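Good morning, and thank you for making time for this presentation. Please have the sequence and the model open while I speak.

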Amino acid sequence: MFKNKSTLLKAAIFATGFSGVVAEYILSTLAQYFLGNSVFHWVMIISLMLFSMGLGSRITKNFETRLLKRFLILEFVLSFIVSFAALLVYTASAYTQSIGILIYSLAICIGLLIGMEIPLVIRINDDYEKLRFNISNILENDYYGSLLGGIFFAFIGLPVFGLIYTPFILGFVNFSVSIVVLIFLWDLLKSSERKALIVLGTFVMISLTTGVFVTDPIIKYGEQQKYSDKVIFAEQTKYQRIVITKWKNDYWLYLNGNEQLCTRDELMYHEPLVHPAMSLHPNPVNVLVLGGGDGCAVREILKYPKVEKITLVDLDPAMTKLGKTNPILTKLNQNSLNNAKVEVLNDDGYKYLLSNDDYYDVIIIDLPDPRGVELGRLYSHEFYKLCYRHLRPGGVIVTQAGSPYFATQAFSCILETMKSAGFQTVPMHNQVITLGEWGWSLGVKQPADSNVKKQLQNLEFNIPTRWINKEAMALITSFGKDIYPWEKDSVYINRIHEPVLYKYYLKGNWDLY
């Protein structure tokens, strides 16, 4: 009998470790989506959780009686908070810019609850096991639960159930174990304690059940409040939140809340991204596109009859699937991703270049802005050196580089980092109506004495374009005088072991955007 009761307590701690650690992963992922700078927020949230666990353990020193009742109350409360954490964050994001306060508050709260539960269970289990077995067994099950939670989150929770429904799975796991413990240790509770726990347990059960059915419409409502236009598509993938909105006859594509394109003016972005690089190369046969899962860059590349193969590498299969099948995007990209010349691969761009031996004439990089360290890898010195090796002599590379005015230092950093890898570089910019002033960095693998800027300004485009022409090239390669206070020497090269780009990006002039 003692053994069965002790096993139940260990199962409860296992469930606590499982649900608690996954809840922290969920909050860390939400912080990455809403706040950027993922490494910083992952480190801080996990560290804060562990610190809060210590505080929770300290608080339990004041608990002398009714330990089982206190433990079950904590279990029910933890089940409730874990289940609704993501829903609270998504809903609040529609109404406040201070979403970080809520995310960190939830992390502290969950950490406190877990920290309070572990010493309580050890003290309750003291009646059933000797001290040396008791402590090691309780901690062992908590750590095992954390491991299983991490595996669940990485392979099942996030990719299958997403950030909306995974918390409710955790809540039900924790709640179910709590109910089993309540039933089997019923005789250890006073009559008044039983009634209080039944009321609380019933409330939590009704809340969790109701939450499963109402969370999707609530999040859709909150998400709609966040965007000024009607949300017509939303999907949470393993890597990002994809949203498409509509206003009149125009559509916007957002990744993690950041605009990627608008059908009204995307050509003002994609034509400067593609055509200067493609037209500068005398014989662009083999082209690599990194990112660009919407298919618009590939649409422009396919205008060049000399092109024999286009390899598009985009990390998120959900994004490339949209580019291939969504009627809005297939109409916009002219079904480019289904063209026989195009091979679509879902992989990390850096890993892809490390693992293959192919050579390219043109590399076009159409990735989201470097808001964190992980994306900063794809704007690093080491990454551009990889690109340099994979380009044939005379090869051309171009990357979107953010805004030269809203993120001036970040824009300069990308240009200087590409130059450090051996490329002859030229900055370009253009006014995109819905994005504002946007920029690109173009590099050529050729002798240092070549005048790439002059070559670009003399380009004649022999393919159909809607905006870009020779006159436009003179405009997009000209910046006028540098009116910003930063010296070029103050911008460091972005390296994998010394990531500075994301810092420049985050402290840009975005309040003017």
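This is a predicted model: local features need pLDDT of at least 70, side-chain atom pairs count only at pLDDT 80 or more; totals for chains, interfaces and linings use all residues.

How many helices and strands are there in the chain? There are 17 helices and 11 strands, where helices (H or I, at least four residues) and strands (E, at least two) are DSSP runs numbered from the N terminus.

Residues are numbered from 1 along each chain as its sequence is written, and side-chain values use heavy atoms, with hydrogens and water left out.

I begin with the chain as a whole. Its C-alpha trace spans about 90 × 45 × 45 Å along the principal axes. Of the 513 residues, 56% are buried; buried means under 20% relative accessible area, exposed means over 50%, and partly exposed lies in between, with a 1.4 Å probe and protein chains only. The chain exposes about 22600 Å², and carbon and sulfur atoms supply 60% of that area. Accessible areas come from the Shrake-Rupley method with a 1.4 Å probe, and for residues only the protein chains shown count as cover.

As for contacts (heavy atoms within 4.5 Å), consider those between residues at least 6 apart in sequence: 73% of them join residues at least 24 apart. On charge, the chain has 47 positive and 45 negative side chains, and the centres of the two sets lie 4 Å apart. Here Lys and Arg count as positive and Asp and Glu as negative, while His and the chain ends are not counted; the place of a charge is taken as NZ of Lys, CZ of Arg, CG of Asp or CD of Glu.

I turn now to the sheets. In what order do the strands of the seven-stranded open sheet run? The order is β7-β6-β5-β8-β9-β11-β10, and the pairing is mixed; two strands pair if DSSP finds at least two bridges between them. At the edges are β7 (342-345) and β10 (424-432), each of which pairs on one side only. Neighbouring strands in this sheet are turned by 15° against each other on average, direction ignored. Axes here are lines fitted to C-alpha atoms, for helices over the stretch in contact, and angles run from 0 to 180 degrees between N-to-C directions.

Helix α13 (residues 381-390) packs on this sheet, touching β5, β8 (360-366) and β9 (391-400), and its direction makes about 140° with that of β9. Within the sheet, β5 (residues 286-291) and β6 (residues 309-313) run parallel and are joined by five bridges; Leu 288 has Thr 311 in β6 as its bridge partner. Strand β5 is also joined to β8 by five bridges, again in parallel, and Val 287 is partnered there by Val 362. Between β8 and β9, which run parallel, there are five bridges, and Ile 365 stands opposite Thr 399 in β9. Strand β8 is mostly covered, as seven of its seven residues are buried.

Leaving out residues up to four places away in sequence, His 381 touches Thr 417, Ser 420, Ala 421, Ile 493, Asn 494 and Arg 495.

The other open sheet has four strands in the order β1-β2-β3-β4, with antiparallel pairing. Its edge strands, β1 (230-236) and β4 (258-262), each pair on one side only. Neighbouring strands are turned by 20° against each other on average, direction ignored. Helix α9 (residues 317-325) packs on this sheet and touches β1, β2 (241-247) and β3; its direction makes about 35° with that of β2. Four bridges join β3 (residues 250-255) to β4, and Leu 255 has Asn 258 as its bridge partner in β4.

Two loop residues deserve mention for their backbone angles. Lys 248, in the loop between β2 and β3, has a positive phi near 55° although it is a residue other than glycine; Lys 248 is exposed, with a relative accessible area of 59%. Gln 334, in the loop between α10 (327-332) and β7, likewise has a positive phi, of about 60°, and is not a glycine. At 60% relative accessibility, Gln 334 counts as exposed.

Finally, Val 204 is found in helix α6 (residues 191-226) and counts as buried, at 2% relative accessibility. Setting aside neighbours within four places in sequence, Val 204 is in contact with Phe 76, Ser 79 and Phe 175. The C-alpha atoms of Val 204 and Arg 264 are separated by 48 Å, with the two residues 60 apart along the chain.
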